Amino acid sequence: MIDPWSSSIVDYEKLKKQFGIKPFTDCMEEIKNPHPLMSRGIIFGHRNYQQIVNAIKEGKNYAVVTGMMPSGKMHIGHKMIVDQLIWYQKNGAEIYIPIADMEAYSARGVDFETSRELAISEYITNYIALGLNFEKKNLHIYLQSENKIVIDLAYKLARKVNLSEMKAIYGFLTSTNLAHLYAPLIQVADILHPQLGECDGPEPTVVPVGPDQDPHIRLTRDIAERFKSQFNFITPSSTYHRFITGLTGGKMSSSKPKTAIFLSDPPEVAAKKIKTAKTGGRESLGEQREMGGIPEDCVVYETLLYHLMPSDYKLNELYYECKEGIIMCGECKQKASGMMRDFFQVLSKKREKAKHTAENILSKE
Ligand code: TRP
Ligand code: SF4
């Protein structure tokens with residue numbers, strides 16, 4: 001059983017075997033300009049992504065839904081979701097971004113006013129700074145608690161879900177409060193509401209998420225089937241990306257500041273943090289020259305792979321130099337740290353500019 005609200009690390013292979021998530025490589029050939037997160041294998045799995053590939057190819061309408069719980073500061077791991085949204089925005093999707101304030105309230109005890117403030121000062125500000133275009137009509141962002149269509153749909157859908165089913169998917173939830181037990185239904189409605197007639201649906205929909213969210217996806221797909229005749233739902237697709245490793249080697253988590261590089265960190269701080277990261281280097285320089293490093297176990301390499309090194313050529317070169325013991329961790333960290341500083345310098349300027357715009361986004365819809 002996967003608990004979407006705990007921070008345990010997920011076994012990607014088991015996910016594929018046990019839960020029927022398919023390898024993303026299946027779809028790669030047909031995607032014209034894949035996002036680096038796709039071509040680099042960071043997006044590793046999917047459920048029925050073929051219908052999205054087809055929609056993109058044929059220029060048909062399709063929707064992308066993915067949200068975040070405003071429960072803390074955003075770290076660079078969260079950037080992955082935004083990067084994907086930007087790619088989909090460029091590739092013709094209708095974009096829906098729920099801000100999960102109801103979930104934050106029920107699962108984390110965050111009150112609604114705090115969620116709203118965090119949504120503006122952190123989430124929307126970062127979304128704009130990272131490059132999402134809020135001026136385009138194809139982007140819809142909302143607080144769950146303010147979206148009557150979503151709240152009403154959740155209630156209607158709950159009519160065909162019973163407690164033993166919830167127990168089978170989220171066993172642990174039956175000892176928690178009822179608001180938390182209901183939160184997944186709101187998420188199901190987040191995902192399915194673009195398909196309602198009033199939102200110009202039905203249309204194929206994809207939900208790009210981390211694998212911890214898969215229980216919600218399975219529930220959504222089951223519910224979509226049950227309501228097919230009533231709402232004409234098309235069962236949604238999903239993709240799954242690997243989580244970024246925290247600086248100390250475990251999961252990167254906002255609630256453990258030592259593990260995370262926050263998007264609001266000043267450039268100097270971010271640059272310094274990457275120097276403290278766990279590497280795949282050997283005990284001694286001699287050993288490393290002889291045996292080479294292990295980029296697969298290196299947070300510095302991972303950061304370059306996920307975020308900082310757009311050139312595949314340069315990345316491959318570094319991989320080779322590391323493996324062959326040509327480059328040592330000190331020098332490598334120095335380089336990565338410089339790239340980090342550059343990236344954060346640009347980002348912090350953009351964040352400054354975005355702050356003002358961010359304040360007006362939620363009142364618009
Ligand atoms: N549960 C997600 C999280 O914890 C947030 C979320 C809410 C979401 N609604 C969604 C994600 C719809 C994908 C699609 O971050
Ligand atoms: Fe990581 Fe660079 Fe050291 Fe290789 S040389 S293990 S990529 S820090």
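A helix here is a DSSP run of at least four residues, and helices are numbered from the N terminus. Keep that in mind as you click around this predicted model.

**Stop 1: one turn of helix 11**

Select R218 and D214. Both sit in helix 11, four residues apart, which is about one turn of the helix. Is D214 buried or exposed? D214 has a relative accessible area of 0%, so it counts as buried. R218, at 22%, is partly exposed.

R47, D214 and R218 are linked in a network of salt bridges.

**Stop 2: from helix 9 to helix 11**

Next, pick E165 and R226. Their salt bridge brings the closest N and O atoms to 2.7 Å from each other. This pair links distant parts of the chain: E165 belongs to helix 9 (residues 163-170), R226 to helix 11 (residues 214-226), and they are 61 residues apart. E165 is buried, with a relative accessible area of 16%, while R226 is partly exposed at 31%.

**Stop 3: a helix and a loop**

Finally, select K323 and E296. Here the salt bridge has its closest N and O atoms 3.4 Å apart. Where do the partners sit? K323 is in helix 16 (residues 312-323), and E296 is in the loop between helix 14 (285-291) and helix 15 (299-308), 27 residues away. K323 is partly exposed, with a relative accessible area of 33%, and E296 is partly exposed too, at 48%.

**Keep exploring**

Note on methods:
Residues numbered from 1 in each chain as written. Chains lettered and ligands numbered in written order. Predicted model: local features only at pLDDT ≥ 70, side-chain atom pairs only at ≥ 80, totals over all residues. Heavy atoms only, no water. Salt bridge = Lys/Arg side-chain N within 4 Å of Asp/Glu carboxyl O. Helix = DSSP H or I, 4+ residues; strand = E, 2+ residues; numbered from the N terminus. Buried < 20%, exposed > 50% of the residue type's maximum accessible area, 1.4 Å probe, protein only.
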